[in-house]
Amino acid sequence: MGFAMVNGAKLAWQQIGEGPDVVLVHGLATNRAFWFGHAMQLSAHFRVTLFDLRGHGYSDCPTEGFNVRQLGADILGLMDTLAIDRAAVIGHSYGGSAALEAAAAAPQRFTALGLLDARSLLFQPQMWLHEAEALTPFEAAINDRGDVDGVDWNREPQVGLRFLEMAARHCVAGTVLGARDAVTPFGEGRGAQKAARQWLQVLETTDARDGLNQPGASMPVISALSMPRLLMYADESRCWKSGEGLARLWPDARFEAVLGAAHFFPLSHPAQVADTLSDFLNPLQMAEVPS
């Protein structure tokens, strides 16, 4: 693991493998370990860069910069520091939103762009409870505590971020909710407590509450992107609306549904994700093979 000063924040990063560059970007309230399994597989053919977003993992937590534009700039800044001229960038959830913003700012530096269940504020400026057909068991358990927690979930306009917050608060408090998903935010053990406390620190000491809902690049700029693009969305996720919107905007992009899956499908459905990423990135690998 190394550290790099990027846009005023010290970011933790690591690289494994050799070959064309691939950068993997995790989502909110996780860290680069989210991608470890996939990174190990990809490292057989690529140089894979992982890093912790500002405020996550071993990276610094400055008071500002928690918006899609700055997090996108952090991706490009880290690439500059590590002398990565061009790369395929794959992002999950808000990490995908940041990757999209980076691609909009510097499309010439992207050999490919993969968005896995990434929310786009162009198509989802708000996120409501009803935008998924059913709650997961863990979400249902938190929803049932709405009166106790003081949250009216049916009126909450940013339900994804609010669920993460309440999951973190219950983890720190040791609340027994009696329900788990295939992948539950903040899991179990000491690592879960650390991640939950870290996420609450971001919410309570930075500009994240407002910043994470600020829009990024405009529709015409996003529409003009032409590098190979992968859209991979879970059919039971609230982000499906974003995937549909981006697919309409990019009719030439590859779209793949992950059936019977929720938001954290890179962990719950690793085989499908691994096969899709390998197939999507294979042309980059072949381009490096001497003729």
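**Figure 1. Lining of the second largest pocket in the predicted model.** Helix α7 (residues 189–205) provides the largest share of this lining, 6 residues. The volume of the second largest pocket is about 540 Å³. A total of 26 residues line the second largest pocket, and A29, T30, N31, A33 and A195 are the closest to its centre. By class, the lining of the second largest pocket comprises 15 nonpolar, 8 polar and 3 charged residues.

**Figure 2. The largest pocket of the predicted model and the helices that contribute to its lining.** This pocket has a volume of about 740 Å³. Its lining consists of 37 residues, and those nearest the centre are E139, S237, R238, H263 and F264. At least two lining residues come from each of α4 (137–143), α6 (159–173) and α11 (265–268). Among the contributors to the lining of the largest pocket, α6 gives the most, with 5 residues. The lining of the largest pocket divides into 21 nonpolar, 11 polar and 5 charged residues.

**Figure 3. Crossing of helices α2 and α3 in the predicted model.** The axes of helix α2 (residues 68–81) and helix α3 (residues 94–105) come within 7 Å and cross at roughly 70°. Because angles of 65 to 115 degrees count as roughly perpendicular, α2 is roughly perpendicular to α3. On the α2 side, the contact is made by V68, R69, L71, G72, I75 and L76. On the α3 side, Y94, S97, A98, A99, E101, A102 and A105 take part. The residues of the contact of α2 with α3 comprise 9 nonpolar, 2 polar and 2 charged.

Key. Residues numbered from 1 in each chain as written. Predicted model: local features only at pLDDT ≥ 70, side-chain atom pairs only at ≥ 80, totals over all residues. Heavy atoms only, no water. 1 Å grid on protein atoms, 1.4 Å probe; cavity = no way out; pocket = protein on both sides within 12 Å on 5 of 7 lines; lining within 4 Å. Points joined across faces, edges and corners; volume = space filled by probe spheres on them. Helix = DSSP H or I, 4+ residues; strand = E, 2+ residues; numbered from the N terminus. Nonpolar A, V, L, I, M, F, W, Y, C, P; charged D, E, K, R; others polar. Axes fitted to C-alpha atoms, helices over the stretch in contact; angles between N-to-C directions. Parallel < 35°, antiparallel > 145°, perpendicular 65-115°, else oblique. Contact = heavy atoms within 4.5 Å.
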